[in-house]
Amino acid sequence: MRRFNPKYIRIARIAIIAIVTLLLIGGYIIYAKRETLLQNIISKAKLKAKSEYNLDVKIGSAHFIGLSTVSFSDITIVPEHKDSLLRINKFDVGVKLMPLLFGNIKLANVVLDNAHLNLTDIKGIKNFDFLFKKKKDTIQEKKSHADLAELANNLIKQVLYKIPDDLDMKNFLVTFTNDSTSVNLLTQTASIRDGKLSSTIKVDNGIAIWHFDGKMHPSDKNIDVRLYAEGKKLDIPIIEKRYHLKVNFDTITTRLEKMENSGGITKIYGYWSVRNLLISHPGLSANDIIVPSGSIDANVFVGENYVSLDSTSQIHLKKLTIRPFLKYEINPVKIYSVKINTDWINAQDVFDSFSDGLFDSFTGIKVIGKVKYHLNLFLDSSQPDSVKFESGLAKDNLKIISYGKTDLRKLNNAFVYTPYEKDKAMPSRIIGPQNPNYTPLNDISPNLRNAVMTAEDPSFYTNHGFEEKSIRKSIATNIKQKKFKRGGSTISMQLVKNAFLNRQKTLARKAEEILIVWMIENNNIMSKNRMLEVYFNIIEWGHNIYGINEASHYYFDKSPSELTLGESIYLASIVPHPKTGLYSFLPDGSLRPSLQKYFNLIGKMMAGHGWTQPDSTGYGYSSVRLKETLRNEIAPLPSALADSLLKQGGEDDDTPIIEPAQVEKKPNFLQRLFGKKDTTAKKEQKNATEIDTAGKTPKQIRQEKRALKKLEKARQKELKDKGLL
């Protein structure tokens, strides 16, 4: 064995002794000067808070206790000319020495007594808005150079480092107040001892008592905590007060199992679960949505320019297990990827796993067989027209043993149909031969059948209730226009909406509509001809005008079999917005010029399908005449106002209708979901009532103004009923 040279050993000893001596001397100097250093640090922090954030920070006293613990008292933070933000009577904080040597501040122990964090947002003035203020050059630098993986890794580490190994908190009050809401949370006690977390939180002066408890080992990146209320469900009052969204649950569990950073990717492995979750909002569902149990094993991967939920993640909902993949890339352009897959699942387990109050139509249904679902969505925001969308629910020996609350076979025979107007039931009618207005499919003009299919669902006879091409086009249109401009409803979906569901515009109703369509189409419950026949006999064609027989007599005093090509294209044009049908006409009974483009568009599409002959004269546009008895109901209107009125209504407006000169702004998704109103509607109405007085007598001007006022009152009432005013 080779022996080290004694000379080198002596040199190493001397070096070690010298280093230790220097460390001791340096440590002694720092220890002796630490109070001075502390005060200097506090002074710099106060100056920075004042100069960069306009915060007045005051500290009654600050001094060291022991080797690494600093004790503060009487701390106040007040933003300039705003409400006081923070007050703390006593705050002791200790740090670990070893991480400190490497520049990391890791809290060892924290004592907090009698503190108040006061957040206010009064008349648009926030006392915490400094949190969102950043220097512009800093923002630009982060946008262009930020590595998301590194940011995520550092952020989580900093959060974990700020969770102390030992915590003793008493009477920490957090309040939030805005113009309409006031919430306060008082943490009476909170402690961490030997990795065990426990707390007691009083909500709104004792309305409820919350508890956080569980395991807390931040140094090992191991956290497993739960939140629950004492003796009752846990409500989140601020969400209900602010958004009218009721959310409560028994227990929520959060678990951080592992975090690692390698190969330029930060990987976060976690678990979240909830028991007896209740969600209630009129924009989501007419009924409370109840989830008895749900959980997600979430593996979140963060790369240099993306955040993703990896496909190894799993969502568990009662008897269902779903494997989701979500990815959001931020540069050089925003790219969205969504994939959802399941294994083969017993079909009955799917229906049994529906949350209570979600899909009433399937309550009690019994089925056999298996199903398997997949979804694939890829959207490059710079190329929305190239969006990729695939969705499919495969079946294996699926059979319906017994129907539940709703018998999906009812449309195969005569049935009673009750239409609704603004959630009010209209007179019921029989859809069948017993009704003199009922029209068999063979007695409906082929012109009308083909015109409506061209406008609403050209592939009706070949699709299975869904048209992916139409859905892709709808996604692209909505992305480009940044609002819900175009839907993707097929005739099958419109039929189900009218025949089986209420008219409430909720996300749950739309999902239920899709599932009913799939069940009907993929189990051959109805033939395509029967679906089309029922569709023409129940859809709305005008105010209290239902079914094609009523419509053809109302507008043209004809039977459905006598409708011309032009009359058929006109009727197809009003399917998405039936109550505006009369606005298409001028007082002499002819159609408005703005509809010529629509006629040419639909006519050319029909000719392309071989359903009519090519026509350079407008496909019957000039021959359409409203029946004389209705013409006196047509008031003289400026073209811009009439075209604007024509675009009202239409929940799933995917008809290729031309854009009018003025289009009423509709609320976006969040506005419709949480009830925010569109404040621009009144301005547009005011501009729309202006008339051209050139060449008109005072009497004519007065008559036109009276007609406009009458129409505007009706229009405003309709907008109010829709929640847009």
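## Ground rules and overall make-up

Because the model is predicted, local features need pLDDT of at least 70 and side-chain atom pairs count only at pLDDT 80 or more, while totals for chains, interfaces and linings use all residues. Residues are numbered from 1 along each chain as its sequence is written, and side-chain values use heavy atoms, with hydrogens and water left out.

The protein has 19 helices and 28 strands; these are DSSP runs numbered from the N terminus, with helices being H or I of at least four residues and strands being E of at least two. Of the 725 residues, 43% are buried. Here buried means under 20% relative accessible area, exposed means over 50%, and partly exposed lies in between (1.4 Å probe, protein chains only). Among contacts with a separation of 6 or more, 58% are between residues 24 or more positions apart, where contact means heavy atoms within 4.5 Å.

Let's look at helix α7, residues 446-456, which is mostly covered, with eight of its eleven residues buried. The buried residues are Leu 448, Asn 450, Ala 451, Val 452, Met 453, Thr 454, Ala 455 and Glu 456. They pack against α9, α11, β27 (540-542), α12, α13 and α14 (596-608).

Helix α11 is one of those partners, and α11 is mostly covered too, with ten of its eleven residues buried. The buried residues of α11 include the charged Lys 528, Arg 530 and Glu 533, along with Met 531, Leu 532, Val 534 and Tyr 535.

## How α9 meets α11

Two packed helices are described by the angle between their axes and the distance between the axes. The axes are lines fitted to C-alpha atoms, for helices over the stretch in contact, and angles run from 0 to 180 degrees between N-to-C directions. For α9 (residues 491-500) and α11 (residues 528-538), the axes come within 10 Å and cross at roughly 55 degrees. That makes α9 oblique to α11; angles under 35 degrees count as roughly parallel, over 145 as roughly antiparallel, 65 to 115 as roughly perpendicular and the rest as oblique. The crossing of α9 and α11 is left-handed, meaning that the near helix is turned anticlockwise from the far one by less than a right angle (clockwise would be right-handed).

From α9, the residues in this contact are Ile 491, Ser 492, Gln 494, Leu 495, Asn 498 and Ala 499, and they meet Lys 528, Met 531, Leu 532, Val 534, Tyr 535 and Ile 538 of α11. By class, the contact of α9 with α11 has eight nonpolar, three polar and one charged residues. In this scheme Ala, Val, Leu, Ile, Met, Phe, Trp, Tyr, Cys and Pro count as nonpolar, Asp, Glu, Lys and Arg as charged, and the others, Gly among them, as polar.

## How α12 meets α13

Helix α12 (residues 548-556) packs on helix α13 (residues 565-573) at an angle of about 115 degrees, with the axes 12 Å apart. That makes α12 roughly perpendicular to α13, and their crossing is right-handed. On the α12 side the contact uses Ile 548, Tyr 555 and Phe 556, and on the α13 side Glu 567, Tyr 570 and Leu 571. These residues divide into five nonpolar, no polar and one charged.

Most residues other than glycine have a negative phi, and most peptide bonds are trans. Here, a cis peptide bond joins Asn 331 and Pro 332, with omega about 5 degrees. Pro 332 sits in the loop between β18 (320-329) and β19 (335-341).

Asn 114 has a positive phi of about 55 degrees although it is not a glycine. It belongs to strand β4, residues 107-122, and is partly exposed at 34% relative accessibility. Asp 194, also not a glycine, has a positive phi of about 55 degrees; it lies in the loop between β7 (182-193) and β8 (196-203) and is exposed at 75%.

## Two buried strand residues

Ser 308 is in strand β16, residues 306-309, and is buried, with a relative accessible area of 7%. Leaving out residues up to four places away in sequence, Ser 308 touches Asn 299, Val 300, Phe 301, Leu 326 and Lys 327.

Pro 324 is in strand β18 and is buried at 5% relative accessibility. Beyond its neighbours within four places in sequence, Pro 324 has contacts that include Leu 309, Asp 310, Lys 339 and Ile 340.
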